[in-house]
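This report goes through one protein model for a reader who has not seen it before. Please keep the sequence and the 3D view at hand while reading.

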Amino acid sequence: MWWVWVIVALVVIALVVAAVLLVQSRRRRGGVIVDPTRPAGRPRRGGGV
Amino acid sequence: MRLMRTSEVTKRPVVTFSGEDIAQIKDVVYSAGGGAVGGFTLAGRGMFSGPLKQGLAWSSVAALGADAVMVRDETVLEPTQSILDASASSGGSGGDVLGSQVLTDSGVALGTVVDVIIQVDQPAGGQCDVVGYEIEASEALGSKGTRVLMPLPDTLAASGEHLMVPAAAKDFVAQDLAGFGAAVLAFRAQLEGPG
């Protein structure tokens, strides 16, 4: 029954790869950010817009 | 000067004049005070690469082309935090406007933001301003579920949850980008008044 373990291993690998791709696609998803929160007490840098 | 949706800009590759593909656009960052786009956060180009710690200031963009964002070289990138700080305001509550609700100053919900419209001047020394939202209309606009373009005033009130617009904005909605530039000008002229 060694082939069962091979199939289980392949399924686990496929699931891990799919999960990594899903997480990465979410992290790379674009947005439009308005007025980013500036930590209190942090000096404003750059020219500002 | 041209109008475009921010969804056309995100995921666009950032390419140097020497032809090196160094990143791709992730987020567009802008300030509610004036609506000027301060820059972009970046993501890596590989399938497994995530967000980068470096961002791209609008002032460093050499050209915003149809297929790529051109920069002089890799040295123009700067820490993402400085890009965010440049667009931060003291009272800003920040956040992604996509999915936020648009409210008039009379308290009527006009819809949900699905995209943002920017007006791009020549990047070298020019400006890039947020001039409107594309929203999925609510019943208040009489066309629930359809996508319409809503002009914005020069100075916005915005947070990650609610975006405020003057009630008059709903009289200037457009269906497509072709006539939207004129709608923005007419809307802003009305807000400024005859004087």
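The buried residues of H1(B) are B:Thr80, B:Ile83, B:Leu84, B:Asp85, B:Ala86 and B:Ser87. A residue is called buried if 20 or more other C-beta atoms lie within 10 Å of its own, exposed if 12 or fewer, and partly exposed in between, with C-beta atoms placed from the backbone. Because six of the eight residues of helix H1 (residues 80-87) of chain B are buried, the helix is largely enclosed by the rest of the structure. Its buried residues pack against strands S3 (21-30), S4 (37-43), S5 (51-57) and S8 (78-79) of chain B. Contact here means that two C-beta atoms, placed from the backbone, lie within 7 Å. Helices (H or I, at least four residues) and strands (E, at least two) are DSSP runs, numbered from the N terminus.

The model is predicted: local features need pLDDT of at least 70, side-chain atom pairs count only at pLDDT 80 or more, and totals for chains, interfaces and linings use all residues. Residues are numbered from 1 along each chain as its sequence is written, and chains are lettered from A and ligands numbered from 1 in the order in which they are written.

Seven of the seven residues of S4(B) are buried, so this strand too is largely enclosed by the rest of the structure.

| Strand pair | Sense | Bridges | Residues standing opposite |
|---|---|---|---|
| S3(B) and S4(B) | antiparallel | five bridges | B:Tyr30 and B:Val37 |
| S4(B) and S5(B) | antiparallel | four bridges | B:Gly39 and B:Ala57 |

S3(B) and S4(B) form a hairpin with six residues between them, and B:Gly34 in the turn has a positive phi of about 105°.

## The chain as a whole

Chain B contains two helices and 15 strands. Its radius of gyration, 17 Å, is close to the 16 Å that the globule rule gives for 195 residues, so chain B is as compact as a globular protein of that length. That radius is taken over C-alpha atoms, and the rule is 2.2 Å times the number of residues to the power 0.38. Of the 195 residues of chain B, 39% count as buried.

The domain assignment, automatic or from a database, gives domain 1 (2-87) and domain 2 (101-192) of chain B. Their C-alpha centres lie 23 Å apart. In chain B, 18 residues of domain 1 are in contact with 23 residues of domain 2.

A nonpolar core is a set of buried Ala, Val, Leu, Ile, Met, Phe, Trp, Tyr and Cys residues joined through C-beta atoms within 7 Å. Among the 57 residues of the largest such core, B:Tyr133 and B:Met150 touch the most other members. Strand S12 (residues 128-137) of chain B gives the most to this core, with six residues. The core draws at least three residues from each of domain 1 and domain 2 of chain B.

Leaving out residues up to four places away in sequence, B:Met150 touches several residues, including B:Val102, B:Tyr133 and B:Val173. B:Leu163 lies in strand S15 (residues 162-165) of chain B and counts as buried, with 24 C-beta neighbours inside 10 Å. With the sequence limit of four places applied again, the contacts of B:Leu163 include B:Val102 and B:Tyr133.

Methods. Pairing = 2+ DSSP bridges.
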